[in-house]
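Please look at the sequence and the three-dimensional structure shown here before reading the report on them.

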Amino acid sequence: MRQVEHIVYLCVFISGTTEMCGIWAVFGLTSNIHGQCSSTFYKISHRGPDAWRLEYDQRMKNCCVGFHRLTIVDTIYGMQPMKLHKYPSSMVICNGELYNCKRLAEQYGFEYETYNDVECILHLYHEFGIEECVKNLDGVFGFCIVDIAKRKVFLGRDPYGVRPIFKVLSETGVLGICSEAKGLIEIEHELKGDRKKVAPLPPGTFEEYDLLENGTVKLVRSKKYFSPGDKPAFRPFVLYEDLSPNAHTDNIRKLSH
Ligand SMILES: *[C@@H]1O[C@H](CO)[C@@H](O)[C@H](O)[C@H]1NC(C)=O
């Protein structure tokens, strides 16, 4: 039993230090969605995943949401797309680390169902909406939330763009997203005449889309929620109020005595 615990802790440690997962989703692709899913998924799984999952939901026609990870940590709760009992008609995929997930639970009374920091995204989104959600995240991330009940898709990226997230959106409303650009090349080809370039989602930005009946999407807004130099909206680990304007000179004085 001890040994198992140690192995689990070791895995958590390793996964916390390197990027070991990939996210992928496509909305509104009518031609051969299942073939697209598996072949593209294979392409971005080049490092050989230990676990992967593709989610297909009848309520979302022509859509597919996938995730792969290289280390199995907490096999039941660590997997994505993540769905919660509390919010059964939405899901999230995220490549990232959210440092303030515990603190957010204390601040807002969230009752977590898993041991995965990604869970705080769904709680924040359902409590406060997408804008307050991204602003409250202290970490590095690229995520996609699908709200099937409200028929919405949201993308978000961390303030400085530490974690990658690429997208391709066609004029006909086909949307592909991936943590690696090459996961979208095939979809771009599939869009033929209606071609759009694969591009990264800019840092500090979130996007909101309507998810139409046939699975295609319509961009509602793309908003830059953070620019370098802005004061973060989340509670920082050292409060600004606790920093006196002369803190540095006081400390220098202390050091020199
Ligand atoms: C999907 O539905 C929208 C809205 O009804 C429509 O404009 C669009 O042409 C449809 N796309 C396809 C590929 O059927």
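The structure is a predicted model, in which local features need pLDDT of at least 70 and side-chain atom pairs count only at pLDDT 80 or more, whereas totals for chains, interfaces and linings use all residues. Residues are numbered from 1 along each chain as its sequence is written.

**The sheet**

Helices (H or I, at least four residues) and strands (E, at least two) are DSSP runs, numbered from the N terminus, and two strands pair if DSSP finds at least two bridges between them. Five strands form an open sheet in the order 4-5-6-10-11, and their pairing is antiparallel. Strand 4 (90-98) and strand 11 (217-224) are the edges, and because each has a single partner strand, one side of each is left without a neighbour in the sheet. On average, neighbouring strands of this sheet are turned by 10° against each other, direction ignored; such angles run from 0 to 180 degrees between N-to-C directions, with axes that are lines fitted to C-alpha atoms, for helices over the stretch in contact. In general, strands of a sheet pair through backbone hydrogen bonds, either parallel or antiparallel.

Seven bridges join strand 10 (residues 205-211) to strand 11 in the antiparallel sense, and T205 has K224 of strand 11 as its bridge partner. The hairpin of these two strands has five residues between them, and G215 there takes a positive phi near 95°.

Helix 4 (residues 119-128) lies across strand 4 and strand 5 (139-147), and runs at about 125° to strand 4. Seven of the 10 residues of helix 4 are buried, where buried means that 20 or more other C-beta atoms lie within 10 Å of a residue's own, exposed means 12 or fewer, and partly exposed is in between, with C-beta atoms placed from the backbone. The buried residues of helix 4 pack against strand 4, helix 3 (101-108), helix 5 (130-135) and strand 5, and contact here means that the C-beta atoms of two residues, placed from the backbone, lie within 7 Å. After helix 4 comes G129, which has a positive phi near 90°.

H123 belongs to helix 4, and I130 belongs to helix 5. H123 counts as buried because it has 23 C-beta neighbours inside 10 Å, and I130 is buried because 22 other C-beta atoms lie within 10 Å. The table lists a C-alpha separation for each of these two residues.

| C-alpha pair | Apart along the chain | Separation |
|---|---|---|
| H123 and C133 | 10 residues | 8.4 Å |
| I130 and I145 | 15 residues | 9.3 Å |

Not counting residues up to four places away in sequence, I130 touches Y125, F154, F206 and E208.

Leaving aside neighbours within four places in sequence, I121 is in contact with V92, C94, C133, F143 and I145.

The ligand is surrounded by T30, T172, L212, N214 and T216, each with its C-beta atom, placed from the backbone, within 6 Å of the ligand.
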